[in-house]
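Here's a quick tour of some local details worth a look. Have the viewer open and follow along.

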Amino acid sequence: MTVRRYFQEHPIVVLSLLLLLLVGVLEAIRPGAVTPNWFRTTVLFAAPLGILAAGQTLVMLTGGIDLSVANVATAAAYIMASNARHGDLQAVLLGLAVGVAVGLVNGLGIAVFQAQPLIMTLGMALVVTGGLTVYSQFAVTSVPSVPGFIHTLGAGTVLGFVPVSLLLWAPIAVIIVVGLRRTGFGRLLYAIGDNAAACRLAGVRVWQVRLVNYTLCGLLSAIAGLVLAGTINTADLGLANTFLLPTVAAVVIGGTSIFSGSGNYSGTIIGAMILTVLNSVLTLLDAPEPIKQILYGAIILLLATAYTRVLSDT
Amino acid sequence: MGAAVLTFGVVDLLAACGGSSTSGAAKTYKVGVSNTLTGNGWREEMICSIKAQGKASGNVTQVTVANRNGGPAEQIADLRNLISAGVNAIILNPSDRDALNAVIKEAAGKGIVVVAVDQAVSAPEAYVLSNDQVKYGQLGAEWLFKQLKGTGSVVEMRGIDGVPADTDRHQGFTTALANYPGIKIVAQTFTGWSLNPAAQQINDLFSSGKKIDGVWTSGIDATIIDAYQTAKKPFVPTVGADNNKFVGQLVSLKSSGLVGAAVTNPPPVGGAGLAVALDVLAGKSHPKLIKLTPEVWDNTSSAGVSTLQSKYDASLDPYYSVQYAVAPYTTYTKAQLIACQS
């Protein structure tokens, strides 16, 4: 029982063990696959997902959800790439502005006009994709290219096997993990997720917190989009779209309650790593595609349920 | 509605008594387009080719595009709306082979010419114009296996499991493979025709230490070449599609040892479909099923290199398909296609 108690108090340990188990499976399927180069590849592809899931963690902590994160990331990357000819700095700022703008609109709709987050962000996801499609027809001859330093950021390596994107992801992670625990804003997110009505009665301007939170989520989505464009060295109209449900999965596997009020970003980070390693396992597994799809779904289900069982008090 | 029906009556009458004696210059048409996959560069280029062909033809007054994400139910609703809007021809990229047949029959009953492009429908009233996807898989694979002199380890990077184009391409790939017993498929992956999964898959294969002598892709090609460059690995013969960036890489990286071939899968099947529809409206006949044989542009033959060089456009989007026209059907210029205006 003491072991269980320990796990309940340190859920991140359970998750890390699950991640190690998956890495063990990978090595068993393909002996010699787990190398420094493997580490590089895994972090390279986990970083954009992890940054995208950071925004998702913030909004899910307050009982919301953002279904526009992937479309915002795609739009930010595409707009950055198609403006690269005006200078790298301007291109990057325009890309980030997309995230801030969409996040602000999401925040206004949800915080001020009381729109249901699911519907608000789903609607914005469609608006962003449609807008991007129209934009792309004007921008088709604008030499879309990923600036060199963004490519280095997304795909470069230092010290032999450390991806450059880790040098961006790690500080973001530290700011969010510490910020959630130590700042008033961070603690308000938990409080609002737990009981927004009580917060309001206690004098908290809930709408302001939500507005800032969704804007932050939009900004983080845009950053993830730029990193991903660097990793792939191209931006197209569907660049980050495959990441939408994995962001939610990474947050849930990471132990953030879908009913809000509890969880942390450190869990999401491991969740993003687990999903990325799972993809590698399935790529190297010699099995028909439908079997792989079943495995992917079943393993995510197993992780989410086993984890909640270990952590539940009963 | 009344006006719409009246228009059909007039068009029918003209078509019936027109024949070869009237010039047809005075006849104008309204065209409807139905597409059910958005945010996809290939599909957008397909729609642009329809608009460009409408403009180039000179007798299309209006192109109405119904474009949203959906399945057969949404597409049936869109097709009904286009029929109500009084169009004379409908160009659609079908979301299902059989499910649209009733509404296609309804359209044909009103004298509307229906052309399914890119993928087939089973309705006997419809014209079908599409790339031969079996040949797409087969021609590219044969080029690759020949390039490897019949022996080696090959990675097959497919699209989406269960989608007709993927199934057809795989069938062609398998047909080619049957003649090359020395070729071993060391990995088969599904990219979902998305860049990000494809990039992770090729990197995973790099770290796995598997020997790779050649890569066949179902169109996510430039991303694979980028991954080889980033990982500083020597290139292996690679087959892709007629995507702008890949076509450019085949030219510019030839001196760095890149050997590869682009197999065409032109989005202008849309514009070609409209050309066929306008012909039919003008009384000319076309076969109900038109299959385009893909071209293979390799960078190992001089003819291939000159085609690749002429098609590559450094000012265009990386995944813009550079097979700008479908001969002998489309008549627009490349500039009209890119302008994308009807």
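## Two positive phi values

Start with Asp118(B), which sits in the loop between strand S4 (113-117) and strand S5 (127-131) of chain B. Keep in mind that this is a predicted model. Asp118(B) is not a glycine, yet its phi is positive, at about 75°. Its relative accessible area is 14%, and since buried means under 20%, Asp118(B) counts as buried.

Chain A has a case of its own. Leu159(A) is in the loop between strand S1 (157-158) and strand S2 (162-163) of chain A, and its phi, near 55°, is positive in a residue other than glycine. Is Leu159(A) buried or exposed? With 77% relative accessibility, Leu159(A) counts as exposed.

Next, have a look at the loop between H11 and H12 of chain B, where Pro328(B) is found. The peptide bond running from Ala327(B) to Pro328(B) is cis, and its omega is near 0°.

Lys334(B) and Asp313(B) join their side chains in a salt bridge, 2.8 Å from N to O. This pair ties together distant parts of the chain, 21 residues apart: Lys334(B) belongs to helix H12 (residues 334-339) of chain B, while Asp313(B) is in the loop between helix H11 (302-311) and H12. Lys334(B) is partly exposed at 32% relative accessibility, whereas Asp313(B), at 16%, counts as buried.

How many salt bridges does the structure hold over all chains? There are seven. One of them pairs Arg80(B) with Glu106(B), with the closest N and O atoms 3.2 Å apart. Here too, distant parts of the chain are linked: Arg80(B) is in helix H3 (residues 72-84) of chain B and Glu106(B) is in helix H4 (residues 101-109) of chain B, 26 residues apart. Arg80(B) is partly exposed at 37% relative accessibility, and Glu106(B) is partly exposed at 31%.

Lys284(B) and Asp279(B) also form a salt bridge, with 3.6 Å between the closest N and O atoms. Lys284(B) is exposed, its relative accessible area being 53%, while Asp279(B) is partly exposed at 21%.

## A buried charge without a partner

Now for Glu44(B), in helix H2 (residues 41-57) of chain B. Glu44(B) is buried but has no salt bridge. Which side chain of opposite charge is nearest to Glu44(B)? That's Lys51(B), 7.0 Å away, and a salt bridge needs the nitrogen within 4 Å of a carboxyl oxygen.

Leaving out residues up to four places away in sequence, Glu44(B) touches Thr133(A), Gln137(A) and Leu237(A), along with Thr38(B), Gly39(B) and Asn67(B).

## Helices in chain A

Over in chain A, the axes of helix H2 (residues 11-29) and helix H12 (residues 265-284) come within 10 Å and cross at roughly 15°. Angles under 35 degrees count as roughly parallel, so H2(A) and H12(A) are roughly parallel to each other. The crossing is left-handed. Among the residues that meet are Ile12(A), Leu15(A), Leu22(A) and Ile29(A) in H2(A), and Ile270(A), Met273(A), Val277(A) and Leu284(A) in H12(A).

Last stop: Leu166(A), in helix H8 (residues 164-182) of chain A. Leu166(A) is partly exposed at 23% relative accessibility. Apart from neighbours within four places in sequence, Leu166(A) is in contact with Val43(A) and Pro171(A).

Key:
Residues numbered from 1 in each chain as written. Chains lettered and ligands numbered in written order. Predicted model: local features only at pLDDT ≥ 70, side-chain atom pairs only at ≥ 80, totals over all residues. Heavy atoms only, no water. Helix = DSSP H or I, 4+ residues; strand = E, 2+ residues; numbered from the N terminus. Buried < 20%, exposed > 50% of the residue type's maximum accessible area, 1.4 Å probe, protein only. Lys, Arg positive; Asp, Glu negative; His and termini not counted. Contact = heavy atoms within 4.5 Å. Axes fitted to C-alpha atoms, helices over the stretch in contact; angles between N-to-C directions. Parallel < 35°, antiparallel > 145°, perpendicular 65-115°, else oblique. Left-handed = near helix turned anticlockwise from the far one by under 90°.
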